[in-house]
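Open the model in your viewer and keep the sequence beside it. The tour goes from one selection to the next and says what is there.

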Amino acid sequence: MPELPEVETTRRGIEPHVCGEIISEIIVRQPKLRWPVPGQLQQLVGAEVTEVARRGKYLLLETISGTCLIHLGMSGSLRITSRLTPPEKHDHVDIIFTNDVVLRLRDPRRFGAVLWAGCGELHPLLIKLGPEPLTDEFSGEYLFKKSRNRRINVKALIMDSHVVVGVGNIYANEALFSAGIDPRKASGEISAKRYALLVTEIKTVLQQAIAQGGTTLRDFVREDGQTGYFQIELKVYGRSGETCVACGMMLQQIKQAQRSSWFCPVCQQ
DNA sequence: CTTGTCACCTGAGCGC
DNA sequence: TGCGCTCAGGTGACAA
């Protein structure tokens with residue numbers, strides 16, 4: 001999916017087009033997303049979007065009639081278009097506004113979701129989420145405490161949304177490289193000092209990616225339909241067969257929980 | 001409670 | 001050209 005920087009870039013992109021606008025129609029062409037698109041979504045028709053928020057990788061369109069949650073999954077993208085533009089193959093949901101602006105969700109793999117929560121209610125999926133990575137709550141001390149008496153590897157720990165939200169496979173790999181930590185290391189055996197560094201690196205890499213407009217992904221599509229391109233120099237992610245930028249050693253690729261990990265066996269211990 | 005595995009889906013790229 | 005295989009940015013639901 002879009003990782004957190006891409007979701008935040010999308011949020012900033014759609015916000016000026018939909019905030020303050022009134023929803024006139026919601027068209028669901030394909031309700032079979034990660035979860036069925038709920039009928040309650042239609043309660044939002046006639047309501048004004050008062051805020052476009054984000055929690056982890058969930059985008060939240062707030063209205064007085066409830067909240068529309070949008071998750072982009074692995075392959076989702078949102079774009080701002082008009083009613084005159086016909087939907088294409090994987091354009092599953094349109095949220096149409098009274099000014100004829102259309103917020104259109106495209107998601108080939110359908111791992112994304114469009115959900116609804118009542119006004120003032122927190123959707124069940126959001127209740128148990130960990131802190132946002134770019135807040136003070138997510139600190140070295142916090143992560144150290146969370147890791148005590150745990151045996152799972154450190155990469156799985158930082159990718160666990162109940163520990164911290166928004167750290168996907170790309171940035172988990174990159175942050176662990178920058179912090180010099182072996183992704184296979186048991187999380188319970190890492191010192192507080194090293195966690196402080198890891199948290200700093202997670203924040204840095206996410207902030208940099210957001211500042212660059214979330215163009216980490218080759219096929220990231222902005223809300224205006226413009227495609228992104230690599231601006232961020234990834235040091236380990238996807239670099240199979242390449243050498244470490246720091247020491248020249250061959251990078252290693254392994255599988256952890258069915259996800260690829262890349263790391264330098266010398267720089268990361 | 002923790003940990004690891006599976007499932008959900010389409011499309012791109014590769015070797016043959 | 002086509003087939004079969006692997007891989008891909010996520011994450012909740014399970015079983016052990």
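This is a predicted model: local features need pLDDT of at least 70, side-chain atom pairs count only at pLDDT 80 or more; totals for chains, interfaces and linings use all residues.

Residues are numbered from 1 along each chain as its sequence is written, chains are lettered from A and ligands numbered from 1 in the order in which they are written, and side-chain values use heavy atoms, with hydrogens and water left out.

**Stop 1: helix α1**

Select residues 4-18, which form helix α1. Helices here are DSSP runs of H or I with at least four residues, strands are runs of E with at least two, and both are numbered from the N terminus.

Show the side chains of E8 and R11, which form a salt bridge with their closest N and O atoms 3.1 Å apart. A salt bridge is counted when a side-chain nitrogen of Lys or Arg is within 4 Å of a carboxyl oxygen of Asp or Glu. In general, side chains of opposite charge can pair when their charged atoms come close. E8 and R11 are separated by about one helical turn because they are three residues apart in α1.

Are E8 and R11 buried or exposed? Both are buried. Buried means under 20% relative accessible area, exposed means over 50%, and partly exposed is in between, with a 1.4 Å probe and protein chains only. R11 has 14% relative accessibility and therefore counts as buried. E15, at 27%, counts as partly exposed.

**Stop 2**

The structure holds 15 salt bridges.

Another one to select is the pair R184 and D182, whose closest N and O atoms are 2.8 Å apart. R184 is partly exposed because its relative accessibility is 44%. D182 has 10% and so counts as buried.

**Stop 2: strand β2**

Go to residues 51-55, strand β2, where E51 is found. E51 has a relative accessible area of 42% and so is partly exposed. Next select E62, eleven residues from E51 along the chain; the C-alpha atoms of E51 and E62 are separated by 5.2 Å.

**Stop 4**

Two packed helices are described by the angle between their axes and the distance between the axes. Axes are lines fitted to C-alpha atoms, for helices over the stretch in contact, and angles run from 0 to 180 degrees between N-to-C directions.

Select helix α3 (residues 140-147) together with α6; their axes are 8 Å apart and the angle is about 125°. α3 is therefore oblique to α6. Angles under 35 degrees count as roughly parallel, over 145 as roughly antiparallel, 65 to 115 as roughly perpendicular, and the rest as oblique. The crossing of α3 past α6 is right-handed. A crossing is right-handed if the near helix is turned clockwise from the far one by less than a right angle, and left-handed if anticlockwise.

The axes of α5 and α6 come within 8 Å and cross at roughly 130°, so α5 is oblique to α6. This crossing of α5 and α6 is also right-handed.

Within α6, pick L197. L197 is partly exposed because its relative accessibility is 38%. L143 is 54 residues from L197 in sequence, and the two are 11 Å apart, C-alpha to C-alpha.

**Stop 3: two positive phi angles**

Most residues other than glycine have a negative phi. Select D100, which is not a glycine but has a positive phi of about 70°. D100 sits in the loop between β6 (91-97) and β7 (101-106). Then select Q258, whose phi is about 65°, positive although Q258 is not a glycine. Q258 lies in the loop between β9 and β10 (259-263). At 71% relative accessibility, Q258 counts as exposed.
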